[in-house]
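Please open the model in a viewer and follow the selections below in order. Two interfaces will be visited, one within a chain and one between chains.

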Amino acid sequence: MSSKVIVTTTINGEEFEFLCEPRQSLLEVLRDVLGFTGAKEGCNNGNCGACNVLLDGVLVNSCLVLGVEAEGRTIETIEGMAAGGRLHPLQQKFLEHAALQCGVCTPGFLLAAKALLDHNPDPTEAEVRHWLAGNLCRCTGYDKIIRAVLDAADAV
Amino acid sequence: MTTTASPYKVIGTRPVRPDGVDKVTGRAIYGADVRLPGMLHGKVLRSPHAHARILCIDASAALALRGVHAVITAQDMPAISDKIADLGESTVNLRYASNNILAHDKVLYYGHAVAAVAADNVHIAEEALSLIRVEYEVLPHVLDGKQAMAPDAPILLDDLRTNELGKLGDRPTNVAEHIRHQRGDLTKGFAEADVIVERTFHTATVHQGYIEPQNATALWNEDGQLFIWCSTQGAFSVQEQLAELLQIPVSRIIVTPTEIGGGFGGKINVYLEPLAALLSRKAGHRPVKMVMTRAEVLAATGPTSGSYIRVKMGARRDGVITAAEAELIYEAGAFPGSPVGAGCGVIFAPYRLENVQIDGYDVVVNRPKAAAYRAPGGTNAAFASETVVDELAEKLGMDPIEFRLRNAVREGDRRADGPEYKRIGLIETLEAARSHPHYTAPLTGKHRGRGVATGFWFNWGGKSSATATVNRDGTVNLIEGSTDIGGSRASIAMQLAETLGIPYEDVRPQVVGTAGVGYNDVTGGSRTTFGTGWAVYEVGKKILAEMRQRAADYWGVPVEEVSVADGVFAYNGESLSFRELAGKLDTPVTASASVHPQNYGPGFGVHIVDVEVDVETGKVTILRYTAAQDVGKAIHPSYVEGQLQGGVAQGVGWALNEEYVYDEKGRLLNATLLDYRMPTALDLPMIDTVLVEVANPGHPYGVRGVGEVPIVPPAAAIANAIYRAIGVRMTELPMSPPRIVAALARKRQDGVAA
């Protein structure tokens, strides 16, 4: 077994220090070491987006990032999206629009949509569809997800 | 949607689902999120061959690896005799099921489980797999249903004999069953026809594609008690399957369902649960968690059948169908049990037919064992029949919806496979589609076309149990056992609230496992809002009756003198709200009900789609989509719309892109979500829905199942649209770019429309 590395990182505004094998992905570390199980493993090779997190504000598939790469970085997970006891407008609109069925892809969609609205607060439907093409949902046919994101953009 | 004034206060509204906040905050616990003290991690060794005899397995090196706690093979599984188990949407022979969990003497498909390991972590378990030596004698394989029926085809199961229309054959075969439905006189019917269309279709193997991979965590205690946590469509089904596969009483098994990340029929059969259980026992009764990789999900869990379907139909000049004949060959995968029976029921279900014959064949091939997938067998069948129906209408110069209306089934008509229809809404749905603006909207531009198709699903009732307790604050705790796979906590809680006359927010539903509620069948067959809705309706009536008695006791009057309406109990000018009465309860009020309703009421959908074909690349773009469906009564319209939209999306994937690709050795080449190409947000437009509410008289609130119908019409609707766009009849799924380009090349070569 390879020796472990000490990694220090900031997750949802809080500093964490953990031991990490070099072969462990950020997704594995988040889920199995640190208990942030809101990031889901759907494919483990960057095709489904269920493991999306924001790394220094940039949307990434955490299954394609190594845990050791988190050193000194800032991570935002779904667990940090509702701030101060209030749901983020995207979370609220997902609920109002019934934009989730099984819900397993939902954390990834919410973070991806947040990354979109963070840099483009007023996207068109085409822009939302293009941006969210890296996130697979098998339940909804995307209709209500797109509507929720567009509605949240209006609300933000 | 209908606009008549609703008699309901809760039903038909769109509240936030009870589990919503947990699911948008990442807090909901899915199967892979389960963690127990001392937990080990399991992994499965899978066959690299499509068909091979296992000569020997040597796990000594794996067991010697530090951190490895147990290795199991088929020798650790109890011997199982032939027994058919009903899984709700399909049946399974348990001896074959055991063989599918771990290969006994032969591997029958690429990815077939051969051995499993439990270790300290996933990485050690994977390393251990690479240390297990398996010697194989590779055998010839067959992947294709038609080829598997040939007399010289490699035989998968030495003991399999054809059930030929009820009589067992006497020689080894890959054809497990031949079924037939027959009525009238085909020869006479075709002789009466002015036009006849006959075509043969092929559809590829496709997967349910749920985003959450299969998972299971097991703890087998020293006292013989087995605990299972997993994401499943039915905890009681897991319990029953495990009891049979492990040969232990159901009373020794407690299954706790977690949240589930999609299923679509694919999370009914067990795969990992028995392995995790056996590993737990062998590893010193420590808990063992197993989670599949995506490659394992695609290679080794239930896809649905690829198929060959021949359809021949004839019609008179006045638009009446005079005869219909079909032959369906469905690939079951490595063990019998394709959904060909359902396909035979679906194929001509929308039409009144005097002369009809349907033959179905269930054929084993060296592919993973087929599992249920949303309206199992229906999409294949409707692709074939609805394309032929479209062509008949074209040849008769009739509008395709008008042609369907001319032949549409109604109450009292009999389906080709026997049952007589009760109140159904096909005609209303066809009329709703015809009068939708989409149907008459101008569609201009090159290589664009509009197609329509209809689809049918049986739906199901099944068995449901539920319990509710009135809290002192007037809220009601609802305990149910139906897996919530797409918002059913809401649709069930709404029906209880409606029955009790209290606000939706005052009902607090929880889905529990086998230890917490009476028996429930799987969430499948589009039955949950119907069947479990029935159960909570009965629960609600019992609670109201008991509360009325308590009100009578409070006022000291006979119960008959207390009236109940809208959650208010009244006597002689005095009244108590449900909440006020709850606060006065001395002894708690609790009620349970178990039901097995039969009049579930089938559903029909009619889809309209506009496509554009890029004739250079063969890519088909969906420009506009409208799905109309008879939904009985939409309890929570948003989630009903969601069912239609999701079914359409899966149907679009099946129609245009999804397929299993094998190499010449029978190895699956595209076991990733990059290469197994499901629709993304970019591949679809908004999906318009029309909810046609023809109440099901067999349910207190008129509910019909809605989840499965919408995956049935899309492939045919899109094929019909492609024909109008480029003049080519597509007879093969998926209608992917290479197939469109090839079809266009054939058309150019022939110089005529194919």
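A polar contact is a pair of N or O atoms within 3.5 Å; within protein, one must be able to donate a hydrogen and the other to accept it, and residues adjacent in sequence count only if both atoms are side-chain atoms. The model is predicted.

Begin by colouring chain B by domain: domain 1 (20-27 + 461-595), domain 2 (34-139 + 212-261 + 267-300) and domain 3 (303-459 + 601-750). Next, select domain 2 and domain 3 of chain B, whose C-alpha centres lie 36 Å apart. The contact involves 17 residues of domain 2 and 22 residues of domain 3. Together these two domains of chain B bury about 1700 Å², with 66% of that area on carbon and sulfur atoms. Three residue pairs are in polar contact across this interface (both at pLDDT 80 or more), while zero salt bridges are found there. On the domain 2 side, display helix 3 (94-101) and helix 9 (294-300) of chain B, the elements that give two or more residues; helix 9 contributes the largest share, five residues. That side divides into 11 nonpolar, four polar and two charged residues.

Which residue forms a salt bridge with B:E658? Select A:R138: the closest N and O atoms of this pair are 2.8 Å apart. The count between the chains is four salt bridges.

Note on methods. Residues numbered from 1 in each chain as written. Chains lettered and ligands numbered in written order. Predicted model: local features only at pLDDT ≥ 70, side-chain atom pairs only at ≥ 80, totals over all residues. Heavy atoms only, no water. Domains from an automatic or database assignment. Contact = heavy atoms within 4.5 Å. Buried area = accessible area lost by both parts, 1.4 Å probe. Salt bridge = Lys/Arg side-chain N within 4 Å of Asp/Glu carboxyl O. Helix = DSSP H or I, 4+ residues; strand = E, 2+ residues; numbered from the N terminus. Nonpolar A, V, L, I, M, F, W, Y, C, P; charged D, E, K, R; others polar.
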